[in-house]
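Morning, everyone. Please have a look at the model on the screen, and then I will walk you through it.

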Amino acid sequence: MKRLGVWLLLVGLLLSGCGQTPTTGPALYARHCGACHGGDLAGNVGPALGAGSEAAAESDASYRAAVREGVGDMPATARLSDEQLDKIIAYLREAQG
Ligand code: HEC
């Protein structure tokens, strides 16, 4: 019986860890924004989003508009739910200080 419990625990861990979409702000950012804005928020093809950047001075509303509608060379990211986008913005605000 004890063994069965251990196996169920392992299977549960595997199921919960595999193929899941990221749920935290940093993980969502890395998946959806990091390639263009830099893993360290310092920018790449897209502008820097970290502390002291021009983007740091912009409102949450303009962040949402950029992600939902796209801006310039930035394509819209329609796959994100409002909740996921809120988490990304919260992560960016925290990083911006
Ligand atoms: C394919 C590359 C790409 C991806 C992916 C991308 N961006 Fe951008 N982003 C850009 C570029 C390029 C700009 C500059 C657009 C311009 O002003 O011409 C930009 C601009 C911005 C701006 C400034 C908007 C403004 O009004 O000037 C914000 C904020 C932003 N991105 C946030 C995000 C967030 C959050 C994500 C992830 C959900 C994301 N971006 C994903 C390329 C990207």
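I will go from the overall fold to the iron site, then to the core and the loop.

First, the ground rules. This is a predicted model, where local features need pLDDT of at least 70, side-chain atom pairs count only at pLDDT 80 or more, and totals for chains, interfaces and linings use all residues. Residues are numbered from 1 along each chain as its sequence is written, and side-chain values use heavy atoms, with hydrogens and water left out.

Now the fold. The protein chain has five helices and zero strands. Helices (H or I, at least four residues) and strands (E, at least two) are DSSP runs, numbered from the N terminus. Along the sequence, the pattern reads α-α-α-α-α. Of the chain's 97 residues, 25% count as buried. Buried means under 20% relative accessible area, exposed means over 50%, and partly exposed is in between, using a 1.4 Å probe and protein chains only. Contact means heavy atoms within 4.5 Å. Take contacts between residues at least 6 apart in sequence: 44% of them join residues at least 24 apart.

On to the iron. Which protein residues are donors to the iron atom of the ligand? They are His-37, through NE2, and Met-74, through SD, lying 1.9 to 2.1 Å from the iron. Donors here are N, O and S atoms within 2.8 Å of the metal (3.2 Å for Na, K and Ca); water is not among the atoms, so sites may look incomplete.

Why is the arrangement octahedral? Because the six donor atoms subtend angles of 87 to 179 degrees. Six donors count as octahedral if opposite ones are over 155 degrees apart and all others between 65 and 115. The ideal angles for six octahedral donors are 90 or 180 degrees.

His-37 is in helix H3 (residues 34-37), and Met-74 is in the loop between helix H4 (60-69) and helix H5 (82-96), so the pair ties together parts 37 residues apart in sequence. His-37 is buried, at 9% relative accessibility. Met-74 is partly exposed, at 26%.

Around the ligand there are 19 residues, and Cys-33, Cys-36, His-37, Glu-58 and Met-74 come nearest. A polar side-chain atom of Glu-58 lies 2.9 Å from a ligand oxygen.

Next, the core. A nonpolar core is a set of buried Ala, Val, Leu, Ile, Met, Phe, Trp, Tyr and Cys residues joined through side-chain atoms within 4.5 Å. The largest one has 13 residues, and Tyr-29, Leu-49, Tyr-63, Ile-88 and Leu-92 touch the most other members. Helices H2 (25-32), H4 and H5 each give two or more residues. H5 gives the most, with four. Ile-88 has contacts beyond four places in sequence, among them Leu-28, Tyr-29 and Leu-80.

Last stop: the loop between H3 and H4. Leu-41 is there. Most residues other than glycine have a negative phi. Leu-41 is not a glycine, yet its phi is positive, about 70 degrees. Is Leu-41 buried or exposed? Buried, with a relative accessible area of 6%.

Pro-47 is in that loop too. Pro-47 is exposed, at 55%. Pro-47 and His-37 are ten residues apart in sequence and 6.1 Å apart in space, C-alpha to C-alpha. The residues that His-37 touches include Pro-47, Tyr-29, Leu-49 and Met-74.

Terms used: Tetrahedral: all angles 85-135°; square planar, octahedral: opposite > 155°, others 65-115°. Near = heavy atom within 4 Å. Polar contact = N/O pair within 3.5 Å; in protein donor to acceptor, adjacent residues only side chain to side chain.
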